[in-house]
Amino acid sequence: MGGEELGEQEAAHAVIGHRRGLGVTHGGEDGLGQLPATTLRALRSAHARGARLVSICAGAFAQAAAGLLNGRPATTHWQQAALLQRLSPRIDVRPNLLYVDDGDILTSAGVTAGVDLCLHIIEGITAPRALVAPPRRSGGQAQFVERFRPPARGEGLAPIRGWMLDNLARRQTVDELAHRAHMSRRTFIRRFQQETDTSPMAWLTAARIDWARELLETTTAPVEQVARLSGLGSPAAFHRHVGTSPANYRATFRSVR
């Protein structure tokens, strides 16, 4: 959604199909800009009347701006997930999922994931044999994320981060890392946050996920060995963070690289 401001009635028709009780928002190049108040009112009004609201890609930002995602799980394109979480901290952003069906509010990742979500919706209101499209991917399947580990904005702690990457399989603690950096625990955490926008342990977990993903995409190592080499500890830990099992991830993304 974006562009010039719509009138109240035009905005309502832009975001809600009244007869079907279904409203769809999408995001284009200007999808992250400030939305007209009329559009936000139309979204809130449609939701209050009982419509199911669906967003595709950056369309989740429109739902968020209307206050409709607060306290709910939601997803969007992985490149914009961190921004959505930063702008709307009350949302349970799940950047690893293709789509999230939370009943009356549904969100999807990229445009292709939006197709999966639409098929999911159609599947719920029509006979499976009436579908011409091929079977959809499940919402719990992971979307491809280039890298979980956030980029650093400073290089002061680069040597420590390098050491962390070289020792993913071993146990690491904040106290140990602070000692290696010759800093107090509090100073180390603050400096690390300033350079990476996240905590040391969250960054370490993301780095371990990245390495586990690379091993799953490029090797045939058993999933238990991947969990051990990456430092995640178990396949269940990978599932908890990525939203799909190591085996399913490998089957989906083995040919990506």
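Cysteine 57 lies in the loop between strand β2 (52–56) and helix α3 (60–65); helices (H or I, at least four residues) and strands (E, at least two) are DSSP runs numbered from the N terminus. The model is predicted, so local features are given only at pLDDT of at least 70 and side-chain atom pairs only at pLDDT 80 or more, while totals for chains, interfaces and linings use all residues. Residues are numbered from 1 along each chain as its sequence is written, and side-chain values use heavy atoms, with hydrogens and water left out.

The phi angle of cysteine 57 is near 55°, a positive value in a residue other than glycine. At 13% relative accessibility, cysteine 57 counts as buried; this term means under 20% relative accessible area, with exposed meaning over 50% and partly exposed in between (1.4 Å probe, protein chains only).

**The chain as a whole**

The chain contains twelve helices and six strands. Of its 257 residues, 43% count as buried. Contact here means heavy atoms within 4.5 Å. Among the contacts in the chain with a separation of 6 or more, 62% are accounted for by residues 24 or more positions apart.

**Helix α2**

Helix α2 covers residues 37–48, and its twelve residues should span 16 Å at 1.5 Å a residue; the end C-alpha atoms are 16 Å apart, which agrees. The expected span is 1.5 Å times one less than the number of residues. Buried positions in α2 are Thr38, Thr39, Leu40, Ala42, Leu43 and Ala46. An α-helix has 3.6 residues a turn, so residues three or four places apart point the same way. Just after α2, glycine 50 takes a positive phi of about 100°.

The axes are lines fitted to C-alpha atoms, for helices over the stretch in contact, and angles run from 0 to 180 degrees between N-to-C directions.

| Helix pair | Axis separation | Angle |
|---|---|---|
| α6 and α8 | 11 Å | about 90° |

The angle of about 90° between α6 and α8 makes α6 roughly perpendicular to α8. Angles under 35 degrees count as roughly parallel, over 145 as roughly antiparallel, 65 to 115 as roughly perpendicular and the rest as oblique. The crossing of α6 and α9 is right-handed, a term for the near helix being turned clockwise from the far one by less than a right angle.

At the pairing with α8, Ala158, Ile160, Arg161 and Met164 of α6 meet Phe188, Phe192, Glu195 and Thr196. On the α9 side, Arg161, Met164 and Leu165 of α6 meet Pro200, Trp203, Leu204 and Ala207.

Proline 200 belongs to α9 and is buried, with a relative accessible area of 2%. Leaving aside neighbours within four places in sequence, proline 200 is in contact with Met164, Phe188, Ile189 and Phe192. The C-alpha atoms of proline 200 and arginine 190, ten residues apart in sequence, are 9.6 Å apart in space.

**Glutamate 195 and its surroundings**

The side chain of glutamate 195 reaches the backbone nitrogen of glycine 156 at 3.1 Å. Not counting residues up to four places away in sequence, glutamate 195 touches several residues, including Pro151, Arg153, Gly156, Leu157 and Arg161.

Beyond residues up to four places away in sequence, arginine 153 touches Gln194, Glu195 and Asp197.

Aspartate 197 occupies the loop between α8 and α9. Its phi is near 65°, a positive value in a residue other than glycine. Aspartate 197 is partly exposed, with a relative accessible area of 47%.

**Glutamate 176**

Glutamate 176 is found in helix α7 (residues 174–180) and is buried, with a relative accessible area of 19%. Its side chain makes a polar contact with the side chain of arginine 170 at 2.8 Å. A polar contact is a pair of N or O atoms within 3.5 Å; within protein, one must be able to donate a hydrogen and the other to accept it, and residues adjacent in sequence count only if both atoms are side-chain atoms. Leaving aside neighbours within four places in sequence, glutamate 176 is in contact with Trp163, Arg170 and Arg171.
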